[in-house]
Amino acid sequence: MAARRTTKKPNVSADELKQYYRDMLLIRRFEEKAGQLYGMGLIGGFCHLYIGQEAVVVGLEAATKEGDKRITSYRDHGHMLACGMDPNGVMAELTGREGGYSKGKGGSMHMFSKEKHFYGGHGIVGAQVPLGAGLAFADKYLGNDNVTFTYFGDGAANQGQVYETFNMASLWKLPVIFVIENNQYAMGTAQKRSTSTDEIFTRGAPFGIPGELVDGMDVLAVKEASEKALAHCRAGNGPYILEVKTYRYRGHSMSDPAKYRTREEVQKMREEKDPIEHVRELLISGGHATEDDLKAIDKEIKDIVNESADFAKESPEPALEELWTDIYADVAPQDEA
Ligand SMILES: Cc1ncc(C[n+]2csc(CCOP(=O)(O)OP(=O)(O)O)c2C)c(N)n1
Ligand SMILES: [Mg+2]
């Protein structure tokens, strides 16, 4: 492994560090498996992998409490796993099976979990941003101290509705953290070709929303930023922006050969900035884990992912009649059993 940046000493326990390793590895291996199943024709439609970006969601989730909410774009498998959704249900949704979170009718971009406060999964770029502010509005209205994480990409950050949302969120002091997952590309367009500034986190300034830049390849830096942003929101100070700089190793989606960047660029990131390798090094060099301990974790994760793939293959296709269910909300809530 090539030399990488140093980070300050971890200010978390060995157990927490191991948990981040486990959580990031679960996302990595899950996504690799999803890529394989896609290649085998078992997953169809759109499928956007999160490989490379794992430290973003794991670091942010590490500081949350029960009741906090999350909403994101189509690159959503990592967010679901990090908030505790069942890998079997996520994988089975990818293969379009009955055991999936949307009974096999939603696919990669359309899964939800009320229990884990995960509100999707949205295919329209930027659409989840005003919805995220709406979720935060509900919590403010109810008078609790929950916070909503509203994730979107560097490309989405150029959308008009983002700024309408910034305005209202600031005006109403909504408890929302806008997380800009800056993976430096919007489909095939590099940030410098599409975006007027390389400091997207400053774009809340005209609305009075503080923002900061975070190293998204360092789970500890992300967790620290999450704690600060959460404290700001829970204290009733309104929204906060975190621009989390990261990188996706794979193409935009499974159908993208990623010809707009060089292999060397990707390789360099993998070798010098990989977020999982980073925590592995901290664990070993700090004497918190041995190679054998990490091997045992790798095996544990592999088993979970293999089980999810088996479940996703064995779960039946949705019955034909299911085509006509879950479409219109024609039942008043009190009529539902
Ligand atoms: C309103 C809208 N315009 C265009 C698209 C096509 N599209 C899908 S993803 C994407 C790029 C978004 O990039 P970014 O926000 O950086 O997110 P990333 O894919 O990098 O996570 C585009 C243009 C879309 N889905 N919705
Ligand atoms: Mg992007």
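Here are a few questions and answers about this predicted model. Residues count from 1 along each chain as its sequence is written, while chains are lettered from A and ligands numbered from 1 in the order written. Local features need pLDDT of at least 70 and side-chain atom pairs pLDDT 80 or more, totals for chains, interfaces and linings use all residues, and side-chain values use heavy atoms, without hydrogens and water.

Reader: How many residues of helix H2 are buried?

Author: Buried means under 20% relative accessible area (1.4 Å probe, protein chains only). Helices are DSSP runs of H or I, at least four residues, numbered from the N terminus, and H2 takes in residues 54-61. Glu54 and Glu61 are among its buried residues, and so is Gly59.

Reader: Is His117 buried or exposed?

Author: His117 is in the loop between H4 and H5. It isn't a glycine, yet its phi is positive, about 60°. Its relative accessible area is 15%, so His117 counts as buried.

Reader: What distance separates the oxygen atom of ligand 1 from the polar side-chain atom of Asp154?

Author: Let's look at polar contacts with the ligand, meaning pairs of N or O atoms within 3.5 Å. A nitrogen atom of ligand 1 has a polar backbone atom of Val125 at 3.1 Å. For Gly155, a polar backbone atom lies 2.8 Å from a ligand oxygen. With the side chain of Asp154, the distance to a ligand oxygen is 2.9 Å.

Conventions:
Buried means under 20% relative accessible area, exposed over 50%, partly exposed in between (1.4 Å probe, protein chains only). Helices (H or I, at least four residues) and strands (E, at least two) are DSSP runs, numbered from the N terminus. A polar contact is a pair of N or O atoms within 3.5 Å; within protein, one must be able to donate a hydrogen and the other to accept it, and residues adjacent in sequence count only if both atoms are side-chain atoms.
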